[in-house]
Amino acid sequence: MSNETKTLEDLGGLKGDAQSAPVHVQKLDAHGRAYATGKRKDAVARVWLKPGRGKITVNDKDYTDYFGRPVLQMLLMQPIKAANRSDQYDINVTVAGGGLSGQAGAVRHGISKALTYYEPELRPVLKRGGFLTRDSRTVERKKYGRAKARRSFQFSKR
């Protein structure tokens, strides 16, 4: 017990023991693309990001054709606008599962992660916007003896 810290000056010597913040580095595949997986509800999106003119393709269609509602298109563009990187990257997405709303959320999550893999210095901006957090809410399963997850069958005295 000879290494006890008794004063504040002794704490200064312990500074080297503390863990340092993680360093985020660029993660690219053999073709120079950043790959990320985004998830939301039951939807899973696989996203490849590479330098280009800003073309976004979802399941071999333009994103405006795949996501017809303007709200879903806006949701998809949020991380790109927050990072001020519109018209700088070509994004190719394969999405499956869930409905259109969940798929749009999955694509947004995947684009955000791919941006941080390509440019790690964008991480604080996207983290502050909440784009890197996976929304883990899913549909609750149906229980036996119930009409739905929580709803009971209608009660009748007779």
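User: What do buried and exposed mean here, and which residues form the covered face of strand 1 (residues 34–40)?

Analyst: Buried means under 20% relative accessible area, exposed over 50% and partly exposed in between, with a 1.4 Å probe and protein chains only. The model is predicted: local features need pLDDT of at least 70, side-chain atom pairs count only at pLDDT 80 or more, and totals for chains, interfaces and linings use all residues. Residues are numbered from 1 along each chain as its sequence is written, and side-chain values use heavy atoms, leaving out hydrogens and water. The uncovered face of strand 1 has Tyr35, Thr37 and Lys39, while the covered face has Ala34, Ala36, Gly38 and Arg40.

User: How many bridges join strand 1 to strand 2 (residues 43–51)?

Analyst: Strands (E, at least two residues) and helices (H or I, at least four) are DSSP runs numbered from the N terminus; two strands pair if DSSP finds at least two bridges between them. Arg40 has Ala43 as its bridge partner, and Ala36 stands opposite Val47. Strand 1 and strand 2 run antiparallel, and the bridges joining them number 7.

User: What is the strand order of the open sheet?

Analyst: The sheet has 5 strands with mixed pairing. Strand 1 and strand 4 (61–62) are its edge strands, each pairing on one side only. The order is 1-2-5-3-4.

User: Are helix 3 (residues 70–82) and helix 4 (residues 100–118) roughly parallel or roughly antiparallel?

Analyst: Axes are lines fitted to C-alpha atoms, for helices over the stretch in contact, and angles run from 0 to 180 degrees between N-to-C directions. Angles under 35 degrees count as roughly parallel, over 145 as roughly antiparallel, 65 to 115 as roughly perpendicular and the rest as oblique. The two helices pack at about 10 degrees, with axes 8 Å apart. Helix 3 and helix 4 are therefore roughly parallel.

User: Is the ring pair of Tyr66 and Phe67 stacked or edge-to-face?

Analyst: Rings of Phe, Tyr and Trp (its six-membered ring) pair if their centres lie within 6.5 Å; planes under 30 degrees apart count as stacked, over 60 as edge-to-face and the rest as tilted. By this rule there are 3 aromatic pairs. The centres of Tyr66 and Phe67 lie 5.0 Å apart with planes at 85 degrees, so the pair is edge-to-face.
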